[in-house]
Amino acid sequence: MSPKFKETNGYVFKIYSLEEPRKHVHVFKAEKKAKYWLEPSIELANNKGFSTKELSFIEEILEKYGDEFKIKFQQHVGQRVDDK
């Protein structure tokens, strides 16, 4: 199960625990989805359907709440070997 960590303007931000250990977040809206790396910096990993304008909006949200998402990722997934 993947909890919803944030929802704004119809964009839903989720973290899945059974994926790779690098901190990341998934973003959904209707049939669209994207994945962003949160470390070492915020970076688009993949996109299915979001326009450039929508991606810019998502990135603004991630920049604003990036540290909060990293903390929530840590809490949801648990401490990793390389986390100090």
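Arg 22 lies over the face of Trp 37, at 4.1 Å from the ring centre; a charge is counted as sitting over a ring if NZ of Lys or CZ of Arg is within 6 Å of the ring centre and within 35 degrees of the ring normal. The charged end of Lys 6 is likewise placed over the ring of Tyr 65, 4.0 Å from its centre. The model is predicted, with local features needing pLDDT of at least 70 and side-chain atom pairs counted only at pLDDT 80 or more, while totals for chains, interfaces and linings use all residues. Residues are numbered from 1 along each chain as its sequence is written, and side-chain values use heavy atoms, with hydrogens and water left out.

A search of the whole structure finds 3 aromatic pairs (rings of Phe, Tyr and Trp, the last by its six-membered ring, with centres within 6.5 Å; planes under 30 degrees apart are stacked, over 60 edge-to-face and the rest tilted). The rings of Tyr 11 and Phe 57 have centres 5.2 Å apart and planes at 40°, so this pair is tilted. It links distant parts of the chain, with Tyr 11 in strand β2 and Phe 57 in helix α1, 46 residues apart (strands, E, of at least two residues and helices, H or I, of at least four are DSSP runs, numbered from the N terminus). Tyr 11 counts as buried at 6% relative accessibility, whereas Phe 57 is partly exposed at 24% (buried is under 20% relative accessible area, exposed over 50% and partly exposed in between, with a 1.4 Å probe and protein chains only). Tyr 11, Phe 50 and Phe 57 form one aromatic cluster.
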